[in-house]
Amino acid sequence: MRILILGAGKMGSFFTDILSFQHETAVFDVNPHQLRFVYNTYRFTTLDEIKDFEPELVINAATVKYTLDAFRTVLPVLPKDCIISDIASVKTGLKKFYEESGFRYVSSHPMFGPTFASLSNLSSENAIIISEGDHLGKIFFKDLYQTLHLNIFEYTFDEHDETVAYSLSIPFVSTFVFSAVMKHQEAPGTTFKKHMAIAKGLLSEDDYLLQEILFNPRTPAQVENIRTELKNLLEIINNKDAEGMKKYLTKIREKIK
């Protein structure tokens, strides 16, 4: 299969690496410097090159801020039977765009990234495939993710956004709060160092990505839950309520079993 990957960033390079030995692949990026470390694939910087390549599948790995722009740039030169796809963690506006594009499409979300995941061992990581898409496109990504030993889930666009609001916004906000109140320690404990490593990794992500995840309409309810729990915990601490603390710890231990 001829596969065109949009964007030569971390995830674009990752998909190129895993696909280029079984498929004819090309990477398109308007910044030629991004293509310097992409190997075993065609490297495109013009639309004419894409037109001549005639891709059968496009994987949009551009950063979230430019996902739709990247699609709009290449759509005019794609064959009409080409399947277009994204791997974005934020699906805002994509369903409407796909339905109006006139192209077959598939959308998925590999729920890992180079910042934290070990890309050589992904058996504990997850991927979501959006159910509202082309059948053959979904089969392609299902086969690919199974090869990577990912745990695969199939959700609608709405179900995906709800899942992301829960699974990403809660740890994101918790990490932001930790970062906002922390002070550097000369002799940090183990837990502090682990939290610090998570904070540094998260805050190295693209600002727009973090913003879009937190601006998900379902995020405020999750943040309200955090505020409620902090209020309850603060009351227990202020009252030095040993029995209340015991019950609280029992409750949260049950949640993480």
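Is Asp-52 buried or exposed? Asp-52 counts as exposed, because its relative accessibility is 66%. Here buried means under 20% relative accessible area, exposed means over 50%, and partly exposed lies in between, with a 1.4 Å probe and protein chains only. Asp-52 is found in helix H2 (residues 47-53). Helices (H or I, at least four residues) and strands (E, at least two) are DSSP runs, numbered from the N terminus. Asp-52 and Val-77 are 25 residues apart in sequence, and their C-alpha atoms are 8.9 Å apart in space.

The model is predicted: local features need pLDDT of at least 70, side-chain atom pairs count only at pLDDT 80 or more, and totals for chains, interfaces and linings use all residues. Residues are numbered from 1 along each chain as its sequence is written, and side-chain values use heavy atoms, with hydrogens and water left out.

The sheet was examined next. Eight strands form an open sheet with mixed pairing, in the order S3-S2-S1-S4-S5-S6-S7-S8. Two strands pair if DSSP finds at least two bridges between them. Strand S3 (42-44) and strand S8 (151-155) stand at the edges. Each has a single partner strand, so one side of each is left without a neighbour in the sheet. From one strand to the next, the twist averages 25 degrees. Axes are lines fitted to C-alpha atoms, for helices over the stretch in contact, and angles run from 0 to 180 degrees between N-to-C directions. Strands of a sheet pair through backbone hydrogen bonds, either parallel or antiparallel. Strand S2 (residues 24-28) and S3 run parallel and are joined by 3 bridges. Ala-26 stands opposite Tyr-42 in S3. Helix H4 (residues 94-101) packs on the sheet, where it touches strand S5 (83-86) and strand S6 (104-110). The direction of H4 makes about 175 degrees with that of S5. Contact means heavy atoms within 4.5 Å.

The nonpolar interior follows. A nonpolar core is a set of buried Ala, Val, Leu, Ile, Met, Phe, Trp, Tyr and Cys residues joined through side-chain atoms within 4.5 Å. The largest such core has 26 residues. Those touching the most other members are Ile-5, Phe-15, Leu-19, Ile-59, Ile-87, Phe-141 and Tyr-145. Two or more residues of this core come from each of strand S1 (2-6), helix H1 (10-19), strand S4 (57-60), strand S7 (126-130) and helix H5 (135-147). Another core, of 25 residues, lies apart from it; among its members are Leu-6, Ala-88, Leu-94 and Ile-128.

Not counting residues up to four places away in sequence, Leu-19 touches Ile-3, Ile-5, Thr-25, Ile-59, Phe-140 and Leu-144. Thr-16 lies in helix H1. Thr-16 counts as buried, because its relative accessibility is 1%. With residues up to four places away again left out, Thr-16 touches Ile-5, Thr-25, Val-27, Val-38, Tyr-39 and Thr-41. His-160 has its place in helix H6 (residues 157-167). At 0% relative accessibility, His-160 counts as buried. Beyond its neighbours within four places in sequence, His-160 is in contact with Ala-88, Ser-89, Lys-91, His-109, Ile-128, Ile-130 and Tyr-155.

Charged pairs were then counted. A salt bridge is a side-chain nitrogen of Lys or Arg within 4 Å of a carboxyl oxygen of Asp or Glu. The count by this rule comes to 11 salt bridges. One of them joins Glu-56 and Arg-2, with the closest N and O atoms 3.8 Å apart. Glu-56 lies in the loop between H2 and S4 and Arg-2 in strand S1, so the pair ties together parts that are 54 residues apart in sequence. Glu-56 is partly exposed at 36% relative accessible area, and Arg-2 is partly exposed at 27%.

Arg-104 forms a salt bridge with Asp-134, with the closest N and O atoms 3.0 Å apart. This pair links distant parts of the chain, 30 residues apart: Arg-104 is in strand S6, and Asp-134 is in the loop between S7 and H5. Arg-104 counts as partly exposed at 33% relative accessibility, whereas Asp-134 is buried at 17%.

A salt bridge also joins the side chains of Arg-227 and Glu-224 (2.6 Å, N to O). Both residues lie in helix H10 (residues 219-238), 3 residues apart, about one turn of the helix. Arg-227 is exposed, with a relative accessible area of 54%. Glu-224 is partly exposed, at 38%.
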